[in-house]
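Visitor: I would like to go through this model and ask what stands behind each description.
Guide: Then let us look at it together.

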Amino acid sequence: MNEITKKLHNLPDNIKNFYINLYSRRSVREFSTKPINNETLDRLMMTLQRAQSATNAQPWYFYIIKDKLRPSLNTVFRKEGFKKAPVIIAACAKPEDSWIRKDDDTNFSWVDLSIAITEMISAATSEGIGSCWIASFEMDKAKEIIGIPDNLQLVTLVALGYPQQPLKLEEKKRKPVSEIITIL
Ligand SMILES: Cc1cc2nc3c(=O)[nH]c(=O)nc-3n(C[C@H](O)[C@H](O)[C@H](O)COP(=O)(O)O)c2cc1C
């Protein structure tokens, strides 16, 4: 039994399964040809819609790109595997709608957007769907192809699709807890 399964061992099934789902996420860059059906996609969109945000401002806008724009959008990727993902979500922050912290003028739209995407990715993981945040792509070209207005910031493209190798609980190469967490 490895470290993770040891820690989850005695938990009730519902809690254990939650962690197994969460920890089964990995960045997927090789997708199978299996499409994501509309009902499943609908649940993922509902997850985006329900996400938390500062003052409930919901400073975001999402484009779901399936078929029509794909041949042109595929030209913005720097990795071949993303071209096969059946769905790409272009996640945009709308800074003008965001809560701004007065103390230091921080606009929270990118934080809020990241939370929505992360929650959606967790839901996708529990559906067996693989995902990858894509920050490195040809930005100007992507904005033009999708038709993103100037008041939106394209933060990330997210590739979604069933992975060639199924998601499973696995070890991660990560900094140790002792290095990143201080208990005061
Ligand atoms: C903000 C952000 C941007 C990322 N951009 C890319 C990217 O452009 N291309 C890519 O292949 N992976 C990208 N990734 C995936 C990371 O490389 C990956 O999360 C990290 O190596 C940890 O691996 P894991 O997701 O499998 O746990 C990105 C992840 C995040 C959170």
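Guide: A residue is buried if 20 or more other C-beta atoms lie within 10 Å of its own. By that count, 23% of the 184 residues of the protein chain are buried. The model is a predicted one.

Visitor: How do you know which elements the protein chain has, and in what order do they run?
Guide: Helices and strands are DSSP runs, numbered from the N terminus. The chain has seven helices and six strands, in the order α-α-α-β-α-β-β-β-α-β-α-β-α.

Visitor: What makes a set of residues a nonpolar core?
Guide: The members must be buried, of the listed nonpolar kinds, and joined through C-beta atoms within 7 Å. The largest such core has 32 residues, and Ile88, Ala91, Val158, Ala159 and Leu160 touch the most other members. Elements giving two or more residues to this core are α3 (38–50), β2 (87–93), α5 (109–126), β5 (130–134) and β6 (153–161).

Visitor: Which residues does Ile88 contact, leaving aside neighbours within four places in sequence?
Guide: Contact requires C-beta atoms within 7 Å. With those neighbours left aside, Ile65, Leu73, Leu157, Val158 and Ala159 are in contact with Ile88.

Visitor: What makes up the shell around the ligand?
Guide: A residue is near a molecule if its C-beta atom lies within 6 Å of it. Arg26, Ser27, Arg29, Lys79, Cys132, Trp133, Ile134, Ala135, Ser136 and Lys172 surround the ligand. Arg and Lys count as charged, and Cys, Trp, Ile and Ala as nonpolar; the shell therefore divides into four charged, four nonpolar and two polar residues.

Conventions. Residues numbered from 1 in each chain as written. Predicted model: local features only at pLDDT ≥ 70, side-chain atom pairs only at ≥ 80, totals over all residues. Buried ≥ 20, exposed ≤ 12 C-beta atoms within 10 Å, placed from the backbone. Helix = DSSP H or I, 4+ residues; strand = E, 2+ residues; numbered from the N terminus. Contact = placed C-beta atoms within 7 Å.
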